[in-house]
Amino acid sequence: MKRTTLSLIAGATALAAVTGFAALTAPDGTAAPGTTKATTRLPVERVGLACPVPSSSEVAETVYTSYTPAGAEAGKGAGAGKDGAGRSTALLRPAAGATAGGGTGGGTGGKKPPATAKAPATVTAPGKPVTARADGAAVPALTGSATGALASGWTVQQTTVVPAGGPRGLLGLTCGAPDTDFWFPAASTAQARHDYVHLTNPDDTAAVADIELYGPEGVLKSQFTEGIPVPAHSTVPVLLPTLTQEAAQRDVTVHVTTRSGRVGAAVGVADDKLGSDWISASADPSGSVVLPGIPADATSVRLVVFAPGEDDADLKVKLSTASGAIVPAGADTLHVKSGMTASIDLPDLTRGSAASLFLAPEDPKRPVPVVAALQVVRGKGDKSEIAFIPAAGAISARATAADNRAGASTLSLTAPEADAQVRITASAGSEAGTPVTKTVTVKAGTTAALTDIVPQGLKGSYALTVEPVSGGKVYAARTLAAPQDGIPMFTVQALADDRGTVEVPSAHQDLGLLD
């Protein structure tokens, strides 16, 4: 198999995504003291991203899919968010630091200098996904930014297939926004697991990070976890078992913070028996939690919850199905001690119906913030495959999942509290196809699993964009399946609001906003 890496140094490329920095242009002027200033929402004009090393396997096959939704136009200010020639740009560059050895999916050694792939086509306008492929163990982490009309709502999906070896599998990750605080329930230091925390710095200044580990009995005594330097435009993979001398723990919650700067963070998981995937960060700690997108044919589901505050959490557990919310047999409540990781197995959970999980405080007057994630398995025995679903945030305006494929993608929508109307757009295909838009209603307490919203005349992959129209809060996840040799390989990504607009004063001034 020919091994290639992305050439992202010369010119603009297809790859960029929404992350945590945004620069906006607005008119001049200030409000008089003591007055309320009118505000408006403007598209962001600059965003950044971080994509970790995809794999350390020589046989890994990685596809990057880059997309920004049509309809949100930024970059209309004089030169704002554009390059020196007045063009919107989308650039990703290889990060310094690790390639092989720190990725997910075990490598085989014998590294050779990688060949250079043909640079993918440059993104010139929103509305159509563009893909690029990079194979082998030498693919680096990527950092980059998008500006102008390409910035608002930009997303990049990193999808890797490792077809052979112990940690084989389908690994999916939405390249994430740099931030200063991340929670990762469902990590592990068990002997059969090889979990790496990937810290990637997309900014021009260095960052310093700390990592804390929490098991079922509380904080794990750790070493080498404070003051981890992450240089500018660099990546640092950290193997979890090397951080503690305590006995292996099946369920661990990882807390990543930065003392200075920002990083993108993700946990790469390789299990000797169950394959590989990524753990994305849980939504911020909250008294109520939604975990959307459990596949209908899940053979094993394990819920992992952590309470970061000073109070214990007593939670009600409900399962949302196509027909409504029910209480899982024998798992109606969960007690989570402060500062400790709690877990519960949920056997025979879905029983052939795609579902979501709701967690709510037993006493609504005393909500205790928690973070949570699901470990989900499809298949049995040596034909099993693992994936993870983190707690998701509600979609306030718009969210997108890229790299969907005909007959392989399922979009799960759930509305815990009230009926919700949602507009879904399947983009043009990366090679051919006409966009399709459909409005659906999700009944309160139910989960809808949609497989039929596909571009007309599709060739290649496509993006799915979700926009709430009316009603209650909506949560979403996308499942991508790629069965191979009898193994039901799959990956699940919870959709996060793309933060493609920012509220600014309706005043005549230039604002630089840090999200």
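Two strands count as paired if DSSP finds at least two bridges between them. Strands (E, at least two residues) and helices (H or I, at least four) are DSSP runs, numbered from the N terminus. With these rules, an open sheet of four strands takes the order E31-E38-E33-E35, with antiparallel pairing. This is a predicted model, in which local features need pLDDT of at least 70 and side-chain atom pairs count only at pLDDT 80 or more, while totals for chains, interfaces and linings use all residues. Residues are numbered from 1 along each chain as its sequence is written, and side-chain values use heavy atoms, with hydrogens and water left out.

**The chain as a whole**
- The protein chain has zero helices and 42 strands.
- Of its 515 residues, 55% are buried (under 20% relative accessible area, with a 1.4 Å probe and protein chains only).
- Among contacts (heavy atoms within 4.5 Å) between residues at least 6 apart in sequence, 83% join residues at least 24 apart.

- Strand E33 (residues 420–426) runs antiparallel to strand E38 (residues 462–471), and seven bridges join them.
- Ala420 has Gly471 in E38 as its bridge partner.

**Strands E39 and E40**
- Strand E39 (residues 475–481) pairs with E40 in the antiparallel sense over five bridges.
- Opposite Ala481 stands Phe490 in E40.
- Strand E40 (residues 490–494) is largely enclosed by the rest of the structure, because four of its five residues are buried.

**Nonpolar cores**
- A nonpolar core is a set of buried Ala, Val, Leu, Ile, Met, Phe, Trp, Tyr and Cys residues joined through side-chain atoms within 4.5 Å.
- The largest has 33 residues, of which Leu291, Ile294, Leu303, Val305, Leu357, Leu359 and Leu374 touch the most other members.
- Apart from it lies another core of 31 residues, including Ala187, Val263, Val304 and Ile386.

**Cavity**
- A cavity is a set of points, on a 1 Å grid over the protein atoms alone, where a 1.4 Å probe fits but cannot get out; lining residues have an atom within 4 Å of a point.
- There is one cavity of 30 Å³ or more, and the largest cavity holds about 50 Å³ of space (the space filled by probe spheres set on the points).
- Its lining consists of Ser409, Leu411, Leu450, Thr451, Ile453, Tyr462 and Leu464.
- Strand E32 (409–414) and E38 are the elements that give two or more residues to this lining.

Note on methods:
Buried < 20%, exposed > 50% of the residue type's maximum accessible area, 1.4 Å probe, protein only. 1 Å grid on protein atoms, 1.4 Å probe; cavity = no way out; pocket = protein on both sides within 12 Å on 5 of 7 lines; lining within 4 Å.
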